[in-house]
Amino acid sequence: MYNWPSPTPFWSKGTLANPEHLAKLKEGVESWNRWRNQNPKIGADLTKANLSGGFLERVDLRNADLREANLREARLSVAELQGANLREAILIGADLTNANLNGASLSPAYLFKARLHWAKLVGADLSEADLTEASLIKANLRTAVLTRAHLNRALLLNADLSAADLCEADLTGADLGEANLVGANLKGAD
């Protein structure tokens, strides 16, 4: 049984995120993306931000600091999250369909029942991440690090796990139908 943090209201106070960055994101995805394009050298600091239930489709969060952020049930489809720091982020039930998470750090992150259909996770660090019952249909996890990851009952249909490190991963009940496991490290995996 998991002891998940309880959800809190969207955009709550008491966050350690940069208040200016959080305020800019609150203006909406279009405004945020325009600001990111105009300020490419500014690193987005959304550490511990409460973005639970947020509508963040197509948001540009490349290389953003989202450590310990609450993104429970957030809509992040087609989001740009490559290189983002999502260590210990709560992404329970989040929709990351078609999201770009190449090179992102999600070690460990809570992705219980998250939707990652067609997500790009090439070279992402998902070591010790909880992907229990997550749906990773056609996800690209080539060269991803999934050491000791929890993939219990996860859907990995047609997923590309070529050269992925699944050492000691828990794949109990996972559906790997037509998944590409060429060159994957499955040493000690269950």
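Visitor: How many salt bridges does the count come to here?

Guide: The count comes to 10 salt bridges, and bear in mind that this is a predicted model. The general idea: look for a side-chain nitrogen of Lys or Arg within 4 Å of a carboxyl oxygen of Asp or Glu. Take E68 and K48, whose side chains pair up at 3.7 Å, N to O. Both residues sit in the segment after α2, so their bridge ties together parts that are 20 residues apart in sequence.

Visitor: Are E68 and K48 buried or partly exposed?

Guide: Residues with under 20% relative accessible area are called buried, and those over 50% exposed, with partly exposed in between. E68 has 38% relative accessibility, so it's partly exposed. K48 is partly exposed as well, at 37%.

Visitor: Which residue does E57 meet in a salt bridge?

Guide: That would be R75, at 3.0 Å, N to O. This pair links distant parts of the chain, 18 residues apart, with E57 and R75 each in the segment after α2. E57 is partly exposed at 23% relative accessibility, and R75 is partly exposed at 40%.

Visitor: What about D65 and R67?

Guide: Their side chains form a salt bridge too, at 2.6 Å, N to O. D65 is buried, with a relative accessible area of 18%, while R67 is partly exposed at 35%.

Visitor: Which residues of helix α2 are buried?

Guide: In α2, residues 29–38, they are V29, S31, W32, N33, W35 and R36. Those buried residues pack against α1, which covers 19–26.

Key:
Residues numbered from 1 in each chain as written. Predicted model: local features only at pLDDT ≥ 70, side-chain atom pairs only at ≥ 80, totals over all residues. Heavy atoms only, no water. Buried < 20%, exposed > 50% of the residue type's maximum accessible area, 1.4 Å probe, protein only. Helix = DSSP H or I, 4+ residues; strand = E, 2+ residues; numbered from the N terminus. Contact = heavy atoms within 4.5 Å.
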